[in-house]
Amino acid sequence: MADRDGFIWYDGKLVPWRDATTHVLTHSLHYGLSVFEGVRAYRAEIGTAIFRLQDHTNRLFNSAHIYQIPMPFDRETINEAQRTVVRENQLESGYLRPLVFYGPEKMGVSPKGARVHVAIAAWPWGAYLGEEALSQGIRVKVSSFARQHVNVTMPRAKVATTYANSILANTEALQDGYDEALLLDTEGFVAEGSGENLFIVKDGVLCEPEIASALTGITRSTIHALAADLGLRVVTKRLTRDDVYIADEAFFTGTAAEVTPIREVDNRQIGSGRRGPVTEQLQKAFFDVVNGRNPKYHHWLSKV
Ligand code: PMP
């Protein structure tokens, strides 16, 4: 990722991609405290546009607030920086990664005295779980690792530390021959994927787990709006792993994963074992929105 052409927005300036570096004694590298976002830009019918830019920026600022990281830039600067990196890298579509981290000015757990840095990179990134996954669905393993308790890393923050837990779960799933992990919370109820929220469909009703131990996904909130448009009821409740086993359909949502059907969990076929009809409808509606084909949601598209 480091050796490529292009520009990264780094502390207020556009710097050549290869020069966007930091010292090995960077505080965040040692203690794991950085907050970040994953954002997508699509080649929409109205021109290249960032999807739900303001919502992602707001979540970034919430993550920083939760961890008491003083943001050195205001929201509009961070919004504009995201539009700039897409434009300056001449991307028609792609993935954006805003990152807020502590620099190398000091060691020791307390970050006091370390400078806060902000970097924003953007690059082309296709379907996160593979193009085929979007139509065929993926195989998922319920992880032997629990999602961190709500008072461990705090789920409203998109914080790097959470992803050590995600990496354990995802690595285990891949090593065991699955495509992705589903994590349960410390009480054993369904939480989320390593980088996705979960939905199931049962008897025509869309259900999602309570998000106590999960990130409040922006794609998830998009699905809520689209479900309402389609006249689908959404129920949020505690879900057990066997609720997922006996679901008619299941799918993951995320900025990177978009809307990815799940065809199998723990070697149990989900529904027909293929992308289900409700999933397909919501997936189509989602791609219509992000690609600017649904005027009702043009306000979610920020042209670059
Ligand atoms: N949960 C986790 C752990 C994630 O990393 C992500 C991706 N950001 C999501 C859920 C989905 O969130 P969003 O739809 O906002 O990308």
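Mentor: In this predicted model, look at helix α6, which covers residues 218-229, and helix α8, which covers residues 277-290, because their axes come within 10 Å of each other and cross at roughly 115°, and α6 and α8 are therefore roughly perpendicular to each other. The crossing in which α6 passes α8 is right-handed. If you now follow the side chains into this meeting place, you will find that α6 brings Thr222, Ile223, Leu226, Ala227 and Asp229, while α8 brings Leu282, Ala285, Phe286 and Val289. Sorted by class, the residues of this contact are seven nonpolar, one polar and one charged.

Stepping back to the whole chain, you can see that it is divided into domain 1, residues 7-123, and domain 2, residues 131-290. The centres of these two domains, taken over C-alpha atoms, are separated by 26 Å, and the contact draws 21 residues from domain 1 and twelve residues from domain 2. On the side of domain 1 that touches domain 2, at least two residues come from each of β3 (34-36), β4 (39-44) and α2 (53-66), and α2 gives the most, with six residues. By class, that side of domain 1 holds nine nonpolar, seven polar and five charged residues, whereas the contact of α6 with α8 has seven nonpolar residues, one polar residue and one charged residue.

Key
Residues numbered from 1 in each chain as written. Predicted model: local features only at pLDDT ≥ 70, side-chain atom pairs only at ≥ 80, totals over all residues. Axes fitted to C-alpha atoms, helices over the stretch in contact; angles between N-to-C directions. Helix = DSSP H or I, 4+ residues; strand = E, 2+ residues; numbered from the N terminus. Parallel < 35°, antiparallel > 145°, perpendicular 65-115°, else oblique. Left-handed = near helix turned anticlockwise from the far one by under 90°. Contact = placed C-beta atoms within 7 Å. Nonpolar A, V, L, I, M, F, W, Y, C, P; charged D, E, K, R; others polar. Domains from an automatic or database assignment.
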